[in-house]
Amino acid sequence: MDETTPTPAPYGTPDAPRLAVKGEAHLEVDPEIARIGITVSARGTDRRDALNDLTRRNAGVIDLVKAYGEAVETLETGAFSISPELTKHGRGERVRAYHGRVHITAELTDFTALGELTTRLADLELTRVDGPYWALRPDSPTHRDARQHAVREAVQRGREYAQALGTTLAALVELADIGAENAQPYGYGGPTPAMRTVAYGGAADPYQEAAPLDLEPQRQHVYAQVNARFTMTPPQL
């Protein structure tokens with residue numbers, strides 16, 4: 001920039017006054033997905049027997065979840081572990097038992113099947129269910145809608161300020177996204193789950209199934225916020 005070019009005034013001039021406003025939006029919508037965490041466990045005095053039991057129960061859980069077809073969008077196996085439990089008394093390292101665990105995550109889009117599936121899973125032997133964790137997809141159009149609402153709200157607010165001065169907006173100078181989504185739309189770090197069920201016990205009675213849970217989807221809150229700067233036609237004060 002040479003010496004003859006004037007430096008733009010950061011806060012406007014009497015001939016081109018600037019106006020800074022904030023636009024906000026808060027949408028409340030139904031969730032799109034529900035996640036459940038499944039922990040399959042096994043315990044035995046023999047490592048091989050514990051591993052075989054864990055393999056059998058894990059296969060049963062996966063088969064049960066897959067039986068719900070298109071209602072289940074994703075099914076993923078996470079951590080697997082089998083570890084010895086040492087005796088607390090006596091000398092030496094004597095193994096008292098072996099503990100095995102497999103963690104599975106299922107993501108459902110059909111909430112009608114969700115209650116039945118979670119109940120049937122919780123009724124299985126040494127199987128724990130956590131959730132559901134309601135959420136929106138990361139690419140949900142709701143996030144875009146919230147951002148657009150925030151921009152429109154910023155423009156409307158700017159117009160109202162300008163009208164209060166008896167003038168109009170002239171041009172947009174800057175639009176800054178300062179963190180559109182404050183809500184966490186995906187994953188386990190979201191809002192407090194609406195249901196948590198734990199099942200640890202013997203085999204379920206094959207002739208009597210537990211009644212399906214009636215689960216109400218938890219409404220999702222999506223926030224958006226922008227800063228906008230405009231120039232105005234000079235008002236007659």
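## Accessibility and the Arg128 pair

Buried means under 20% relative accessible area, exposed means over 50%, and partly exposed lies in between. In this predicted model, Arg128 has 23% relative accessibility and therefore counts as partly exposed. Asp130, at 11%, counts as buried. Arg128 and Asp130 form a salt bridge, with 3.0 Å between the closest N and O atoms.

## Other salt bridges

The structure holds 13 salt bridges. One of them joins Arg219 to Glu28, the closest N and O atoms being 3.6 Å apart. Arg219 sits in the loop between strands S8 (196-199) and S9 (220-232), and Glu28 in strand S2 (residues 16-29), so the pair ties together parts that are 191 residues apart in sequence. Arg219 counts as partly exposed at 35% relative accessibility, and Glu28 counts as partly exposed at 43%.

Glu85 pairs with Arg43 in a salt bridge whose closest N and O atoms are 3.7 Å apart. Because Glu85 belongs to strand S4 (residues 72-86) and Arg43 to strand S3 (residues 33-44), this pair ties together parts that are 42 residues apart in sequence. Glu85 is partly exposed at 21% relative accessibility; Arg43 is partly exposed at 47%.

## Helix packing

The axes of helix H1 (residues 47-66) and helix H2 (residues 111-122) come within 11 Å and cross at roughly 165 degrees, which means that H1 is roughly antiparallel to H2. The crossing of H1 past H2 is right-handed.

Val61, Leu64 and Val65 of H1 make the contact with Leu117, Arg120 and Leu121 of H2. Five of the contact residues are nonpolar, none is polar and one is charged.

Conventions:
Residues are numbered from 1 along each chain as its sequence is written. This is a predicted model: local features need pLDDT of at least 70, side-chain atom pairs count only at pLDDT 80 or more; totals for chains, interfaces and linings use all residues. Side-chain values use heavy atoms; hydrogens and water are left out. Axes are lines fitted to C-alpha atoms, for helices over the stretch in contact, and angles run from 0 to 180 degrees between N-to-C directions. Helices (H or I, at least four residues) and strands (E, at least two) are DSSP runs, numbered from the N terminus. Angles under 35 degrees count as roughly parallel, over 145 as roughly antiparallel, 65 to 115 as roughly perpendicular and the rest as oblique. A crossing is left-handed if the near helix is turned anticlockwise from the far one by less than a right angle, and right-handed if clockwise. Contact means heavy atoms within 4.5 Å. Ala, Val, Leu, Ile, Met, Phe, Trp, Tyr, Cys and Pro count as nonpolar, Asp, Glu, Lys and Arg as charged, and the others, Gly among them, as polar. A salt bridge is a side-chain nitrogen of Lys or Arg within 4 Å of a carboxyl oxygen of Asp or Glu. Buried means under 20% relative accessible area, exposed over 50%, partly exposed in between (1.4 Å probe, protein chains only).
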